[in-house]
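Dear colleague,

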Amino acid sequence: MSVPPTPTLETERFIMRKLVKDDAPALWPTLSSDEHCRYLTRAPFASLEELEGWLLAPDWNGRSWSAVDRETGEVAARLVAVPVGEATAEIGYITVADRQGEGIASECARRLIAHLFEEEGHHRLTAGTDPRNAASNALLTRIGFRREAHMIESCKTHLGWCDEYYWGLLKRE
């Protein structure tokens with residue numbers, strides 16, 4: 001499955017463009033923090049170089065956007081879309097630590113969802129979360145996703161075997 005280009009998308013407050021190496025320092029404080037990585041499948045990054053390698057891995061089959069604040073020019077979030085089947089993609093997001101609680105992930109995820117459905121013709125989008133991640137679970141509910149499954153100890157992370165919520169959203173919804 002070939003990866004389509006990563007188009008630039010816009011919201012009222014953000015320009016979502018393809019993530020580049022120079023974005024890594026803005027994401028570093030968040031992705032190197034135990035607190036902010038507790039619900040990720042991997043441990044916090046030990047170095048900026050390790051983070052850069054992960055963000056820009058040439059063999060990854062997904063696409064990654066940086067949400068850049070129109071006023072400040074600063075990277076405020078990272079969003080991803082990963083193909084998981086015919087006309088189906090999994091989305092993900094993380095907001096930089098000092099910008100959490102501003103509605104950035106919601107605003108940018110809504111734009112990404114609109115693009116995937118309306119411009120790329122996806123039929124279905126999915127997301128996976130740790131059941132303990134109340135903020136992310138609430139966000140997915142707010143933007144229209146429905147929780148379809150609670151999988152028990154289905155995901156091996158840096159913390160051991162964890163449960164996972166599986167979320168879905170159809171284009172017609």
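Predicted model: local features only at pLDDT ≥ 70, side-chain atom pairs only at ≥ 80, totals over all residues.

Residues are numbered from 1 along each chain as its sequence is written, and side-chain values use heavy atoms, with hydrogens and water left out.

The chain holds five helices and eight strands (DSSP runs, H or I of at least four residues for helices and E of at least two for strands, numbered from the N terminus), and from the N terminus on they follow the order β-β-α-α-α-β-β-β-α-β-α-β-β. With a radius of gyration of 15 Å, close to the 16 Å that the globule rule gives for 173 residues, the chain is as compact as a globular protein of that length (the radius is taken over C-alpha atoms, and the rule is 2.2 Å times the number of residues to the power 0.38). Of the 173 residues, 43% are buried, that is, under 20% relative accessible area with a 1.4 Å probe, protein chains only.

E52 lies in helix α3, residues 48–55. E52 is buried yet has no salt bridge, and K21, the nearest side chain of opposite charge, is 4.0 Å away (a salt bridge being a side-chain nitrogen of Lys or Arg within 4 Å of a carboxyl oxygen of Asp or Glu). Leaving aside residues up to four places away in sequence, E52 touches K21 and A24, where contact means heavy atoms within 4.5 Å.

Best regards

Terms used. Buried < 20%, exposed > 50% of the residue type's maximum accessible area, 1.4 Å probe, protein only. Lys, Arg positive; Asp, Glu negative; His and termini not counted.
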